[in-house]
Amino acid sequence: MSFISRRNLLKLTATTAGIGLITNQLGIKALATPVKIATQSLTPDAALAKLLAGNQRFANQTTKKPNQGAFRLQEVAQGQKPFAAILGCADSRVPVEILFDRGLGDLFTVRVAGNVATPEEIGSLEYAALLGAQVILVLGHERCGAVTAALANQPVPGQIGSILEQIQPAIAATKGRSGDPLKNAIIANVNNQITTLKSSPVLAKLIEDDKLKIVGGYYDLDTGLVSQIG
Ligand SMILES: [Zn+2]
């Protein structure tokens, strides 16, 4: 049985037909909606500063909850121009819109256990960058369960192993290093995922043109603060 009624299917088809195909300078066709959103163009550095300022408000408990009202709802209903993209962990304690004090249409968010950049995540972030996101933040976090499991290196059920496999290079690279093995591995994992993302020709071209930067962050569960890695 289909979840889409015939009437809704017709509506969906009409909407899809209304979405324009644009070709950007990379020669890549991307779906985009021809709407104007009141989002100023930022430099990658300014986009990062804006993102981190929201986290400061969250950690200081001075949140503004921007872009969460009825006006913004309508403004972004027909299209989006997120200023930042996040590759974060699926951990329930790391909800990015809350901890960066942002609202609708601000952040293009990809969350997966262990914040690993597999092809689907890379594709999602390429799409975010083509939509206009000027910074991609790979966000690891304190006491990450996925990295803890990869460190333990014990058999795991189901498909969980496919995630741990992606984290293993960080475990191998930090083995024997001084300091906290878990924190070392979490940070190494963030850096590994950044390296993977930078190998995307789509993202590399945007970086070369000064339209994008990719950075790492570490979220402290106790303080609510994100510190930049590297
Ligand atoms: Zn995690």
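Mentor: Welcome! The model is predicted, so local features need pLDDT of at least 70 and side-chain atom pairs count only at pLDDT 80 or more, while totals for chains, interfaces and linings use all residues. Residues are numbered from 1 along each chain as its sequence is written, and side-chain values use heavy atoms, with hydrogens and water left out.

Trainee: What percentage of the residues count as buried?

Mentor: Buried means under 20% relative accessible area, exposed over 50%, and partly exposed in between (1.4 Å probe, protein chains only). The chain has 230 residues, and the buried part comes to 41%.

Trainee: How many helices and strands does the chain have?

Mentor: Both are DSSP runs numbered from the N terminus: helices are H or I with at least four residues, strands E with at least two. On that basis, the chain has nine helices and seven strands.

Trainee: Which residues coordinate the zinc ion?

Mentor: Look for donors, meaning N, O and S atoms within 2.8 Å of the metal (3.2 Å for Na, K and Ca); water is not among the atoms, so sites may look incomplete. Along the chain, the donors follow the spacing C-x51-H-x2-C. At 2.0 to 2.3 Å from the zinc ion, they are Cys89 (SG), His141 (NE2) and Cys144 (SG).

Trainee: How far apart in sequence are the parts that Cys89 and His141 tie together?

Mentor: Cys89 is buried at 4% relative accessibility, and His141 is buried at 0%. Cys89 lies in the loop between strand S3 (84–88) and helix H4 (96–99), and His141 in strand S5 (residues 135–141), so the pair joins parts whose separation is 52 residues.

Trainee: At what angle do helices H5 and H9 cross?

Mentor: Two packed helices are described by the angle between their axes and the distance between the axes. Axes are lines fitted to C-alpha atoms, for helices over the stretch in contact, and angles run from 0 to 180 degrees between N-to-C directions. The axes of H5 (residues 119–131) and H9 (residues 201–208) come within 9 Å and cross at roughly 35 degrees.

Trainee: Which helix holds Arg57?

Mentor: Arg57 is buried, with a relative accessible area of 14%. Beyond its neighbours within four places in sequence, its contacts (heavy atoms within 4.5 Å) include Phe100 and Asp101. Its own helix, covering residues 44–59, is H2.
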